[in-house]
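Notebook open, model loaded. I'm jotting down what I look up as I go.

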Amino acid sequence: MDVDGDIPTLIDHSVQPVASSELPQESQRIPCTIISGFLGAGKSTLLKRILTERHGYRIAVIMNEFGDSAVSAAKTINVTSKDDPAAQSEEFLELANGCLCCSIKDAGIAAIEKLMERKGAFDHIVLETTGLADPGPIASIFWQNEEYSVGLSREIILDGVVCVVDAVFGRKQMEEDHSVDGIGESLRQIACADVILLNKIDMAQSEDELYETERLIQGVNPSAPIHRTAHANIDIGRIININAYVTVDHLSVDGFRERPRNGPDYPHDLTPHPKHYELRGISSLQVTVPPLSPCNFERLEEWIQRVLWDEELPKDNSSDSIHQIKVLRCKGLFVTDTGKEYILQGVQSMYDISEVNGRDVQGLPSAGKLVLIGKGLDEAARMSLLKVLGD
Ligand SMILES: Nc1nc2c(ncn2[C@@H]2O[C@H](COP(=O)(O)OP(=O)(O)OP(=O)(O)O)[C@@H](O)[C@H]2O)c(=O)[nH]1
């Protein structure tokens with residue numbers, strides 16, 4: 001990142017650039033990135049980077065409250081706000097790198113509305129959640145299609161959820177955290193994440209320790225890329241403008257990373273994903289979806305609705321028992337036998353399936369994919385889904 005030079009022109013750093021013609025039509029909604037993460041994992045350190053480095057983005061950062069990081073950032077880089085920089089009670093600080101820092105304290109949505117009064121002063125919103133927060137409910141406010149959206153979600157669109165995980169204590173936290181509804185908060189955060197920062201790698205004892213934590217994370221959420229960081233040092237372009245609710249590029253990541261042979265970099269070869277992996281009740285289910293006939297597409301959507309809305313598998317003739325399911329996040333890419341491509345995105349019980357426009361038939365993948373993350377996604381769920389898909 002350019003720390004010393006002039007502020008560069010704002011450019012789009014999408015991880016996988018997508019031609020605008022391929023994106024569902026959206027108006028000028030402001031993209032919002034939610035930062036979640038384990039207690040002490042490095043969320044504030046990441047925000048401080050965003051507020052101080054000359055990355056070229058005009059980001060409004062909404063913090064739970066002005067912690068030390070915002071105030072020290074303001075002091076070290078000359079706050080340009082007319083407001084008194086020393087006053088910690090101020091709600092907005094304009095920073096020299098073009099970013100805006102905003103404290104929501106306990107004001108919640110009202111503060112975001114207040115921020116939107118300054119629309120035009122920023123191009124992106126980064127919203128911090130507390131270390132104990134489940135990002136699912138707040139994510140579901142902003143991800144909806146504009147035609148169905150009301151209030152704030154008409155002005156803001158969810159870009160992605162970033163989860164910061166402690167490379168040293170993260171594994172222990174995941175294995176031990178107190179569970180609500182049988183699912184701990186740290187696992188909910190991983191389940192809902194579109195990008196994961198494995199931070200504090202400088203503190204890890206060994207490559208094996210890092211690898212085992214990554215393995216655990218990927219077992220819970222196989223679709224989120226993991227970036228290793230020290231002091232949250234990440235190219236901002238890897239965490240914002242990722243269009244995680246518009247594209248499903250990361251669905252191609254379908255296996256655990258192979259154990260690194262040397263050095264800290266990831267190898268790119270992948271080992272097959274195990275059929276079922278579970279940690280404290282949370283697991284993921286991935287299936288390849290063959291090209292769908294209209295009838296199969298309809299059956300698949302009915303299956304998704306049953307699972308998301310009724311939280312159970314469709315009844316099987318062979319058994320009267322109810323198989324309960326709780327989906328926290330789902331993503332899918334479907335192709336039809338008539339050469340169309342659709343993307344599924346879902347957060348908790350809400351989902352949306354939209355057609356991808358602009359890709360010619362030859363560019364279509366030969367099969368689609370569905371990833372579900374949540375509870376009860378066991379072999380019975382896999383079999384039920386495969387039955388719907390006509391296996
Ligand atoms: N060694 C090392 N220390 C780090 C790193 N990242 C953050 N820290 C330190 O870890 C402590 C916690 O970091 P924060 O950024 O405050 O973590 P947080 O997630 O905001 O914490 P909470 O808001 O309490 O959940 C601070 O003292 C940081 O300076 C890192 O990569 N390596």
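Predicted model: local features only at pLDDT ≥ 70, side-chain atom pairs only at ≥ 80, totals over all residues.

Where does Ala193 lie? I found Ala193 in the loop between helix 6 (185–192) and strand 9 (195–199). Helices (H or I, at least four residues) and strands (E, at least two) are DSSP runs, numbered from the N terminus.

Residues are numbered from 1 along each chain as its sequence is written.

I then looked up contacts (C-beta atoms, placed from the backbone, within 7 Å). Leaving out residues up to four places away in sequence, Ala193 touches Val161, Val162, Cys163, Asn221 and Ala224.

On to the core. A nonpolar core is a set of buried Ala, Val, Leu, Ile, Met, Phe, Trp, Tyr and Cys residues joined through C-beta atoms within 7 Å. The largest one here has 92 residues, and Val61, Ile62 and Ile196 have the most contacts inside it. Strand 6 (residues 156–166) gives the largest share, 8 residues. Domain 1 (30–238) and domain 2 (276–389) both contribute residues, so this core lies between them; the domain bounds come from an automatic or database assignment.

Last, the whole protein: I count 9 helices and 16 strands, and 41% of the 391 residues are buried.

Definitions and conventions: Buried ≥ 20, exposed ≤ 12 C-beta atoms within 10 Å, placed from the backbone. Contact = placed C-beta atoms within 7 Å.
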